[in-house]
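Trainee: I would like to learn how to read a helix and its packing in a model. Could we go through one together?

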Amino acid sequence: MNGGLDWLTLTIGAIVILVALVLVWVWRKGRAFAPGDVFRASRMSAGNRLLPTQVLITPTSVVQHIPRWFGRQQETIHMAHIASVKVQTGVLLSNVLIETSGGASPIVCHGHHKSDAVQMQRLIEQYQSEYYRGPGQPPPTVAPGPTGR
């Protein structure tokens with residue numbers, strides 16, 4: 001009986017170690033992949049349960065980072081090539097569609113919290129305005145409207 005108990009203990013120990021390694025691997029893959037404004041999809045959304053998609057927004061580009069078990073997939077769009085940003089809100093989560101000026105298929109980011117999706121859209125619009133305005137240029141002033149007299 002003692003030999004069977006040792007075998008059972010080793011098997012359970014090996015399983016515990018394997019599960020711990022998988023959890024550490026998933027945790028590492030789920031961390032922010034770069035410093036800055038990184039938005040991580042919710043693990044509650046389909047396709048993001050273990051390895052959530054992340055989106056980095058910088059003053060010059062948008063990077064979609066999709067972690068894989070081994071490796072990753074990244075797609076980068078320069079701010080000058082972004083044609084529009086659409087936010088589709090659902091009951092709990094939102095999708096962000098970033099369309100390019102070249103007509104290629106848009107970057108689709110599923111399963112972001114609503115506040116993150118709105119923040120992503122706001123940042124992209126802000127960085128595009130700064131990009132097209134040029135460095136050191138003041139923001140445009142709005143002319144006063146008619147007074148109705």
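This is a predicted model: local features need pLDDT of at least 70, side-chain atom pairs count only at pLDDT 80 or more; totals for chains, interfaces and linings use all residues.

Trainee: How many residues does α2 have, and how far does α2 reach from its first C-alpha to its last?

Mentor: α2 has 20 residues and reaches 29 Å between those two atoms, which is close to the 28 Å expected at 1.5 Å a residue.

Trainee: Which residues of α2 are buried, and where do they fall when seen down the axis of α2?

Mentor: A residue counts as buried when its relative accessible area is under 20%. In α2 the buried residues are Ala117, Met120, Leu123, Ile124, Tyr127 and Gln128. Viewed down the helix axis, these buried residues fall within an arc of 130°, so they line one face of the helix. They pack against β1 (37-40), β2, β3 (61-67), β5, β6 and β7.

Trainee: Which residues have the most contacts inside the largest nonpolar core, and which element gives the most to this core?

Mentor: That core has 17 residues, and those with the most contacts inside it are Ile57, Val62, Ile82, Ile98 and Ile124. α2 gives the most to this core, with five residues. Taking Ile57 as an example, its contacts beyond four places in sequence include Val62, Met120, Leu123, Ile124 and Tyr127.

Trainee: What can be said about aromatic pairs here?

Mentor: The structure holds one aromatic pair. Tyr131 and Tyr132 form this pair, which is edge-to-face, with 5.0 Å centre to centre and 85° between the planes. Tyr131 is partly exposed, at a relative accessible area of 39%, whereas Tyr132 is exposed, at 54%.

Conventions:
Residues are numbered from 1 along each chain as its sequence is written. Side-chain values use heavy atoms; hydrogens and water are left out. Rings of Phe, Tyr and Trp (its six-membered ring) pair if their centres lie within 6.5 Å; planes under 30 degrees apart count as stacked, over 60 as edge-to-face and the rest as tilted. Buried means under 20% relative accessible area, exposed over 50%, partly exposed in between (1.4 Å probe, protein chains only). A nonpolar core is a set of buried Ala, Val, Leu, Ile, Met, Phe, Trp, Tyr and Cys residues joined through side-chain atoms within 4.5 Å. Helices (H or I, at least four residues) and strands (E, at least two) are DSSP runs, numbered from the N terminus. Contact means heavy atoms within 4.5 Å. The expected span of a helix is 1.5 Å times one less than its number of residues. The arc is that of the directions from the helix axis to the C-beta atoms.
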